[in-house]
Amino acid sequence: MSAVRQLDDLSLAPAPADWLDTILKGDCVSALERLPEKSVDAIFADPPYNLQLGGDLLRPDHSKVDAVDDHWDQFESFAAYDAFTRAWLLAARRVLKPNGTIWVIGSYHNIFRVGAAMQDLGYWILNDIVWRKTNPMPNFRGRRFQNAHETLIWASRDDKAKGYTFNYESLKAANDDTQMRSDWLFPICTGGERLKDENGDKVHPTQKPEALLARVILSSTKPGDVVLDPFFGSGTTGAVAKRLGRHFVGIEREQAYIDAAQERIDAVRPMDRPDLELVQGKRAEPRVAFVSLLDAGLLKAGTTLYDAKKRWAAKVRADGTLAIDGQAGSIHRMGAVVQGLDACNGWTFWHYERVGGLNQIDELRKIARLGMERAGA
């Protein structure tokens, strides 16, 4: 069960892992400075948008729109907002692992300023994602286009972060075997998912839909990873992270939001581990060298390999190379040579004979790979 910690009374940083699956109460920058350096795998940040609302927003029937007019979204100037943005981005970068990534969501009011600050501080932008809303709020005055989207920036810690998590194969499989695009279509948070107080009013004015956070977490983290949300609000990040088998840490200064988020997260049941397994592509599989087939006894030196139509034949040598007419080289090089090509996938080009016909040597690679996986289990 997660808990709330009052950081204002702490003179020392939390003990190792003491802050996992916890809501830390306090200012986001102060709280971030108390977390261990390079300790989180991913960050999802939904900072104040600095909407600059002047007066009440009314519908055509003169009823008042429940807009974001809370004190935490109000800044004296753009300069003040920029200083705030740089401060929390710097603190967040310190706790992000070298191969970790950060997501920041915003609207046209703030996202361009945030993006510039991220680049100035060394973050490396990987993508901008457009969240298209199926049910956006109308533009009541009819003087502008309807605001039907928000923008997410996805970035690595710096331009040298090559090992960041991106679950490409899982996303592609979930998208009917088509690359996942950078425009996402989700409804805004409504219905039973929207947290309400005892008066039926929204607990938080900008509660994000769980589907959006699920896409973020499933795309850029693995089960067991730590996801930080420095503007925790109603706890959507924590609720989704817990359900998907990830750890979370939230930072929030408003007690009403903390209470609502705590109750919400405590009610979440994590999914079973087998249901969280990720689809892996070939690049994630253990590498098998051709000579490993000889080492495992799956092929013997002196065996003849053929292409699928038996136009060419090659002898397997003891060192794991193929020999043809006085030339020798790798399975890939010799496959390319006989075809007069620059490159060739030798695993699918070359075949071995067995009862019933020819089989790709790639079948033997799969057997070898399975043996490697079992040995490492």
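**Note on the predicted model**

1. Threonine 236 is found in helix H6, residues 236–243. Helices (H or I, at least four residues) and strands (E, at least two) are DSSP runs, numbered from the N terminus. Threonine 236 is buried, because its relative accessible area is 5%. Buried means under 20% relative accessible area, exposed means over 50%, and partly exposed lies in between (1.4 Å probe, protein chains only).

2. This is a predicted model, in which local features need pLDDT of at least 70 and side-chain atom pairs count only at pLDDT 80 or more, while totals for chains, interfaces and linings use all residues. Residues are numbered from 1 along each chain as its sequence is written, and side-chain values use heavy atoms, with hydrogens and water left out.

3. How far can the model be trusted along the chain? pLDDT is the predictor's confidence in each residue, from 0 to 100. Its mean over the chain is 87, and 87% of the residues reach 70 or more. A contact means heavy atoms within 4.5 Å. Where pLDDT is low, the predicted coordinates should not be read in detail.

4. Now the overall make-up. The chain has 11 helices and 15 strands. Of its 377 residues, 44% are buried. Take the contacts between residues at least 6 apart in sequence: 66% of them join residues at least 24 apart.

5. Back to threonine 236. Which side chain does the side chain of threonine 236 join in a polar contact of 3.0 Å? The partner is arginine 264. A polar contact is a pair of N or O atoms within 3.5 Å; within protein, one must be able to donate a hydrogen and the other to accept it, and residues adjacent in sequence count only if both atoms are side-chain atoms. Leaving aside neighbours within four places in sequence, threonine 236 is in contact with Gln207, Lys208, Pro209, Glu210, Leu213 and Arg264.

6. Helix H3 covers residues 111–120, and Ile111, Val114, Gly115, Ala117 and Met118 are buried in it. These residues lie on the same side of H3, because they cover an arc of only 165° around the axis. The arc is that of the directions from the helix axis to the C-beta atoms. The face turned away from the buried side carries the exposed residues Phe112, Gln119 and Asp120. The buried residues of H3 pack against H2, strand E4 (96–106), strand E5 (124–133) and E6. After H3 comes glycine 122, with a positive phi near 105°.

7. Is threonine 85 buried or exposed? Threonine 85 is buried, because its relative accessible area is 2%. Not counting residues up to four places away in sequence, threonine 85 touches Val114 and Ala117.

8. The largest nonpolar core has 33 residues, and those with the most contacts inside it are Ile43, Trp88, Ile102, Met118, Tyr123 and Leu228. Several elements each supply at least two residues of this core, among them helix H1 (28–33), strand E3 (40–45), H2 and E4. H2 gives the most, with 7 residues. A second, separate core of 28 residues includes Tyr49, Leu51, Trp154 and Phe248. A nonpolar core is a set of buried Ala, Val, Leu, Ile, Met, Phe, Trp, Tyr and Cys residues joined through side-chain atoms within 4.5 Å. In soluble globular proteins, nonpolar side chains tend to be buried together.

9. Phenylalanine 290 lies in the loop between helix H7 (255–266) and helix H8 (291–295). With a relative accessible area of 7%, phenylalanine 290 is buried. Its contacts, not counting residues up to four places away in sequence, include Leu299, Val316, Trp347 and Ile361. Aspartate 362 is 72 residues apart from phenylalanine 290 along the chain, yet their C-alpha atoms are separated by 9.6 Å.

10. Lysine 162 also sits in a loop, between strand E6 (149–156) and helix H4 (168–174). At 70% relative accessibility, lysine 162 counts as exposed. Its side chain reaches the backbone oxygen of aspartate 159 at 3.2 Å. Glycine 100 is 62 residues apart from lysine 162 in sequence and 9.9 Å apart in space, C-alpha to C-alpha.

11. Last, the cysteines. Cysteine 28 is buried at 6% relative accessibility. Cysteine 344 is buried at 19%. A disulfide is a pair of cysteine sulfur atoms within 2.5 Å. By this rule the count is 0 disulfides.
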